[in-house]
Amino acid sequence: MKNSWTGGQAALATAGSVENLALAVHRSEPGAFERLIDRFEAPLFSYAESVLQNRFDAQEVVQDALLRAHRALTRQYDEARCEALALRPWLFRTVRNLSLNKRRSKRSKLEQPLDDFDDGRMGPFVHLEGSDLERKQEVELLRRAIALLPVDARELIVLRFMEEMSYGEIARTIGSSEAALRGKVFRSLKLLREALEKKGVNYAV
Amino acid sequence: MRCRSALTRVDALRTRELSQDERGEVESHLKTCKSCDDSLHDVGGLAAAIKALAIAPPRSCKDTLCREVVDSFDRVEAGGREVWVAFAEGGIRMITARSIDDLRARYAKRYGRDLQRAEIPAALKREVAAALAGEGVGKPHVDLGEASELETAVMRALGSIPVGEVRTYSWVAQQVGRPKAVRAVASFCARNVVPFVVPCHRVVPTGGGVGEYAYGSDMKRDLLAREGVDVDALDALAREGVRYVGSRTTKIYCFPTCRDARRIREENRVPFRGASEAAQKGFRPCQRCRPVAAA
């Protein structure tokens with residue numbers, strides 16, 4: 001059997017250090033909030049961008065979410081609650097709620113053709129070590145295929161494979177059971193594979 | 001186990017998130033089913049490719065956010081006292097005579113922000129220094145953030161007590177339109193986050209005397225004395241049960257420390273134990289210190 005465990009271990013490795021950050025911010029320890037921003041800004045942005053498909057909105061949402069988080073941790077939650085808080089799912093859930101709110105209000109304002117990705121937004125963000133053109137194109141195809149997925153599949157793919165969350169954490173983030181999530185993630189992956197196959201990419205790596 | 005249930009568990013197996021039993025079942029299925037085993041590897045590869053797609057925000061919001069959650073503090077020394085003052089663009093936000101740690105802790109609790117040392121603007125510094133020196137501050141630049149309506153009103157009423165005079169807690173309660181909320185008002189005075197500048201020390205118990213103070217009643221006596229209040233005379237009046245004084249010539253009665261009361265000549269001075277006593281004798285309340293408010 002060919003195995004690939006890296007994702008799980010990475011997810012486990014970050015869990016420990018994250019716990020105390022909520023408490024540190026609650027206690028207003030110097031630099032605690034900066035550390036929280038350093039740790040979470042980029043992942044939260046990736047996630048918000050995947051839901052909103054707009055980096056300006058995504059940045060706005062992330063900023064709002066981090067500010068709300070700071071307020072909640074320092075002013076609303078007591079010591080015990082901060083200590084017991086699962087920070088990562090909590091932050092992602094905040095971003096999720098804000099993103100979905102924003103998406104809803106935007107969509108009601110103007111009917112955005114969300115299935116049209118070819119507007120140059122995807123362009124400047126590709127960071128690749130190798131200059132292998134073929135590989136670059138493949139990555140771009142993957143990005144576009146993900147962008148074409150329905151929003152719930154898209155966010156699951158991002159949470160599970162980009163952010164490498166455990167099923168337990170995803171369950172707490174989006175409010176679902178782990179068993180149901182396994183099925184949902186599987187179906188999202190299936191959709192992604194189908195989209196890739198349509199583009200002529202067989203992800204057999 | 002059938003392929004369908006094996007496939008939905010392949011990803012969880014990859015990250016060791018299955019229970020012992022489930023894991024055994026899935027693994028034994030994978031041994032017999034080539035396509036499901038391939039799928040496990042496939043998921044692994046796809047996961048790695050997707051992870052590489054993560055993007056960073058075009059510009060970090062760290063600076064903006066940190067500015068949103070950090071305010072400044074400085075030390076101000078005047079009138080033989082030193083205090084720690086927290087301030088933001090809106091004005092003075094908190095003052096303590098205790099320590100930086102006390103300031104930091106209470107500031108975080110009330111405003112949810114950190115503090116870092118910075119030079120206090122000259123205008124704010126003047127206000128704090130004047131308050132400490134007993135000169136009084138006309139209209140201090142104070143920023144209490146999201147203060148409640150009652151707290152804001154209490155602070156405004158406190159600010160309206162002139163230098164060198166004192167009022168009672170019930171007077172403040174009357175001023176804010178909540179005559180029965182004397183206790184609530186008194187607790188806002190006690191929790192005043194900008195003491196000295198907003199003169200909570202100018203409020204005394206209705207029963208007389210100087211009363212309690214966050215930094216001890218000795219400090220309160222000292223502050224009042226600096227502002228020109230005859231603290232010993234207040235004590236003497238309290239012992240006699242005198243709350244107001246009137247003038248025989250004008251038939252007006254005042255708080256004893258009212259600037260108009262202080263001008264009354266000794267031979268024309270009439271002490272009163274209460275507003276009703278004064279009213280019975282045909283006196284009217286002073287319109288400047290408004291003693292009837294504290295009836």
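Modeller: Two residues are in contact if their C-beta atoms, placed from the backbone, lie within 7 Å. Keep in mind that this is a predicted model.

Colleague: Which residues does A:Ala65 touch, leaving out those up to four places away in sequence?

Modeller: A:Ala65 is among the residues with the most contacts inside the largest nonpolar core. Leave out residues up to four places away in sequence. The residues touched are then A:Leu44, A:Leu91, A:Thr94, A:Val95 and A:Leu98.

Colleague: Are α7(A) and α9(A) roughly parallel or roughly perpendicular to each other?

Modeller: Helix α7 spans residues 151-162 of chain A, and helix α9 spans residues 178-198 of chain A. Their axes come within 9 Å and cross at roughly 105°. Angles of 65 to 115 degrees count as roughly perpendicular. Therefore α7(A) and α9(A) are roughly perpendicular.

Colleague: How many residues in the contact of α7(A) with α9(A) are nonpolar?

Modeller: From α7(A) come A:Ala153, A:Leu156, A:Ile157 and A:Arg160. They meet A:Lys184, A:Val185, A:Ser188, A:Leu191 and A:Leu192 in α9(A). Two of the contact residues are charged and one is polar. The nonpolar count is six.

Colleague: Which residue in the turn between β7(B) and β8(B) has a positive phi?

Modeller: β7(B) and β8(B) pair in the antiparallel sense over three bridges. They form a hairpin with four residues between them. The turn residue with a phi of about 60° is B:Lys251.

Conventions
Residues numbered from 1 in each chain as written. Chains lettered and ligands numbered in written order. Predicted model: local features only at pLDDT ≥ 70, side-chain atom pairs only at ≥ 80, totals over all residues. Pairing = 2+ DSSP bridges. Helix = DSSP H or I, 4+ residues; strand = E, 2+ residues; numbered from the N terminus. Core = buried A, V, L, I, M, F, W, Y, C linked by C-beta atoms within 7 Å. Buried ≥ 20, exposed ≤ 12 C-beta atoms within 10 Å, placed from the backbone. Axes fitted to C-alpha atoms, helices over the stretch in contact; angles between N-to-C directions. Parallel < 35°, antiparallel > 145°, perpendicular 65-115°, else oblique. Nonpolar A, V, L, I, M, F, W, Y, C, P; charged D, E, K, R; others polar.
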